[in-house]
Amino acid sequence: MDQNSAHTHGSGSGDTYDGTYGTQGIYRAVDFYDAEGDYRTVMGIHAGRSEDVNYPTFGSIRTTEQAMSIIQQDIQNYSPLTSITVTN
Amino acid sequence: MKLNLTLLFVIVSMFASAQQNDLIDGKGFASCFSKMKEGRFNGVTNGILKVTSTTGDSLIVSLKSNKAVLSIIPDEPNEVYDVSYKKYEVESADKKVQILYQTYALANSLQIKLEGKAFQITGIDGGCDRVINGLEYEYVKDLQSEYLLLHFAKDVGLRVARSGPAPTLFIKKGSMLMFIISRK
């Protein structure tokens, strides 16, 4: 859904280093069915919580500020964001 | 063949776009209860819902000072996107219809149970920053109470929980609810 830039939330809404989304907001995916067959909405990738990538989410991916910057750079240098592959 | 593929792409794109339009970006909720972690507050609800289903059935839900409850449930232990869920609940006088309106972080959701079967639309998932498109909300306060006004500016589709994008129940444009919640 947010293919060209991250969605930001305005002041006081969690877009801070230790906030819920991190300083750069969130890239959200289109709705999809998860591996268990449930229909999921508003899933995305964001930083936040002082870059503790193990801090819980509701199915979204929490990453680092640097990773968010790299995604934005790649969008600008190459093409819009169409998929994310996670390896851990 | 190329034309067929192009047509298929256009149709799929339109369908995906329609799904995304069910929710829009949330801007937050100007409620006096927003920062509260836990609590239970009583109130009443007035309003009327015009409900139709894809099978052609229709129903009018009329609420006249029906007992309502706002339950503030802490998001423990992590406060992932908010400190708490705010759950507004009311049921019809004949107890056949239960309504649950909920806010969390920048998102909201609406669930209606008809004779035990639940239908819902929710932005409280994933990043929790989307609200129901077509459901306008406003908070008004006086010394004793907070009024939550919900107005359906367009038809809002509800579906069986997490079943997929296709709604099976619609709250019709013009429907409205007013929760009057005591602040004490």
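# Val42(A) and its surroundings

Visitor: Let's start with Val42(A): buried or exposed?

Guide: Buried: Val42(A) has 25 C-beta neighbours inside 10 Å. The cut-off for calling a residue buried is 20 or more. Keep in mind that this is a predicted model.

Visitor: Where is Val42(A) found?

Guide: In chain A, in the loop that runs between E3 and E4.

Visitor: And what's phi doing at Val42(A)?

Guide: Phi is positive there, about 60°, even though Val42(A) isn't a glycine.

Visitor: What size of box do the C-alpha atoms of chain A fill?

Guide: Roughly 35 × 30 × 25 Å, along the principal axes. Of the 88 residues in chain A, 31% are buried.

Visitor: In what order do the 3 strands of that open sheet in chain A come?

Guide: The order is E1-E4-E5, and the pairing is mixed. At the edges sit E1 (26-28) and E5 (61-62) of chain A, each of which pairs on one side only.

Visitor: In which sense do E1(A) and E4 of chain A pair?

Guide: Antiparallel, over 3 bridges, with E4 of chain A covering residues 44-46. One pair to look for is Tyr27(A), whose bridge partner in E4(A) is Ile45(A).

Visitor: Switching to the other chain. How many residues of chain A are in contact with chain B?

Guide: 23 residues of chain A, and they meet 21 residues of chain B. On the chain A side, the elements that give two or more residues are E1, E3 (39-40) and E4. By type, that side divides into 10 polar, 9 nonpolar and 4 charged residues.

Visitor: How many residues are in the largest nonpolar core?

Guide: 39 residues. Those with the most contacts inside that core include Ala107(B), Leu110(B) and Cys128(B). The largest share, 4 residues, comes from E3 (residues 58-74) of chain B.

Visitor: Which residues is Cys128(B) in contact with, leaving aside neighbours within four places in sequence?

Guide: Val42(A), where we started, is one of them, and Phe58(A) is another from chain A. From chain B, Cys128(B) contacts Tyr81(B), Tyr104(B), Ala105(B), Leu106(B), Ala107(B) and Gly123(B). Another core, of 7 residues, lies apart from the largest one; among its members are Ala6(A), Ile26(A), Tyr27(A) and Ala47(A).

Visitor: Hairpins next. How many residues sit between E6(B) and E7(B)?

Guide: There are 2, and Glu115(B) in that turn has a positive phi of about 50°. E6 (residues 107-114) and E7 (residues 117-122) of chain B pair antiparallel over 6 bridges. Leu114(B) stands opposite Lys117(B) in E7(B).

Visitor: Why does Glu146(B) count as buried?

Guide: Because 20 other C-beta atoms lie within 10 Å of Glu146(B). The cut-off is 20 or more. Leaving aside neighbours within four places, the contacts of Glu146(B) are Ser31(B), Cys32(B), Tyr139(B), Lys141(B), Ile181(B) and Arg183(B).

Visitor: How far is the C-alpha of Glu146(B) from that of Gly43(B)?

Guide: 9.3 Å, with 103 residues separating the two along the chain.

Visitor: Now Lys95(B): buried or exposed?

Guide: Exposed, with 8 other C-beta atoms within 10 Å. Lys95(B) sits in the loop between E4 and E5 (97-104) of chain B. Phi of Lys95(B) is also positive, near 65°, in a residue other than glycine.

Visitor: Last one: what kind of peptide bond joins Glu76(B) and Pro77(B)?

Guide: A cis one, with omega at about 5°. Look for Pro77(B) in the loop between E3 and E4 (84-91) of chain B.

Technical notes:
Residues are numbered from 1 along each chain as its sequence is written. Chains are lettered from A and ligands numbered from 1 in the order in which they are written. This is a predicted model: local features need pLDDT of at least 70, side-chain atom pairs count only at pLDDT 80 or more; totals for chains, interfaces and linings use all residues. Two strands pair if DSSP finds at least two bridges between them. A residue is buried if 20 or more other C-beta atoms lie within 10 Å of its own, exposed if 12 or fewer, and partly exposed in between; C-beta atoms are placed from the backbone. Two residues are in contact if their C-beta atoms, placed from the backbone, lie within 7 Å. Ala, Val, Leu, Ile, Met, Phe, Trp, Tyr, Cys and Pro count as nonpolar, Asp, Glu, Lys and Arg as charged, and the others, Gly among them, as polar. A nonpolar core is a set of buried Ala, Val, Leu, Ile, Met, Phe, Trp, Tyr and Cys residues joined through C-beta atoms within 7 Å.
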